[in-house]
Amino acid sequence: MGIGTSVLLKMNAEKVLGMLGIQATVQAADIAKAKVEGPTADIILTTPELVYQLEKMPGKIIAIDHVFDLVEIREKLTAALS
Amino acid sequence: MADLLNQALAEGSILVRAQASNWEHALELAGSALEQSNRATNEYTKAMVAAFEELGPYMVIAPGIALAHARPSEAVLSTGLSLVTLSEPVPFGNTANDPVSLVIGLSAVDHDSHIELMAALSEFLMDVMKVNMLLQAENVEQVRTLLR
C-alpha cells in the first residue's frame, strides 16, 4: 500500500468522483502493490514519472502532473470515462 | 479542525529558508529534520534517497512541492512530518513541477494511521496563496501560524 503520493491522489480522485456523481472504489497503492493488483483496475491514476512502471496493464492509465489540481484530475478522468 | 499539521511537526522538524545544493541534499535536509524531531532514524533518510533514485522524481507532486517519504519500517519511530523551505529552488528532474522550493518529509508507522494528517496536508497544500506565504516565511513561528 502507498502512504504518500498515492494517498493524496486517492483523496483528490474521490473528491472529483463525488462531484461527478460517479460511484467507484479507489485504492492507494505503491508500485509493488500496483503491479500485483493493477490488472483488476479499470483506471489507474499515477504520476508521469511512474507510467513506465505500469505499462501492460489492461486498464487505462492516467498521469496526473499536479496531485492537488482537482480540475486536471476531473478533466483527465472525464476523458478516460467517456 | 484540530491543529493536526502543527502536532505532526514536532520541535526541530521545521527548517526555514534552508540552502540545498541538489535534490539529494534537499531530501537529506527533510530527513535530518525528521531525525531531529525523533520521528525517524538516519536509515529512513537513506531509504528516502534510495526511493528517489529507484523510482525517479515522482515525489514532486505539485509545482515546487516535493513529498519525501519511504515505506513504513523499523527506521520510523513515530508518524509525523518535517517541513523544509528552500531559499533557492532546486531541480528534482520532474518535468511538470520543477524546481522545488518546499520539501515535506513524511514518516508513517503503518499504512492508515496518518490518513487524517494527509487530508489536512492536502487541504493546506491546495491553497496556493498559503503555500506562497509559507515560502516567504522567515522563521518557524511564522510557518506554524500559517499552518494553524
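With 148 residues, a compact globule would have a radius of gyration near 15 Å, and chain B, at 14 Å, agrees with this; the radius is taken over C-alpha atoms, and the globule rule is 2.2 Å times the number of residues to the power 0.38. This is a predicted model, in which local features need pLDDT of at least 70 and side-chain atom pairs count only at pLDDT 80 or more, while totals for chains, interfaces and linings use all residues. Residues are numbered from 1 along each chain as its sequence is written, and chains are lettered from A and ligands numbered from 1 in the order in which they are written.

The C-alpha trace of chain B spans about 35 × 35 × 25 Å along its principal axes. Chain B holds six helices and five strands, in the order α-β-α-α-β-β-β-β-α-α-α along the sequence; helices (H or I, at least four residues) and strands (E, at least two) are DSSP runs, numbered from the N terminus.

The largest nonpolar core has 64 residues, of which Ala26(B), Ala68(B), Val100(B) and Val103(B) touch the most other members. Helix α2 (residues 23-36) of chain B gives this core its largest share, seven residues. Such a core is a set of buried Ala, Val, Leu, Ile, Met, Phe, Trp, Tyr and Cys residues joined through C-beta atoms within 7 Å, where buried means that 20 or more other C-beta atoms, placed from the backbone, lie within 10 Å of the residue's own.

The contact between the chains takes 17 residues from chain A and 25 residues from chain B, two residues being in contact if their C-beta atoms, placed from the backbone, lie within 7 Å.

Definitions and conventions. A residue is buried if 20 or more other C-beta atoms lie within 10 Å of its own, exposed if 12 or fewer, and partly exposed in between; C-beta atoms are placed from the backbone.
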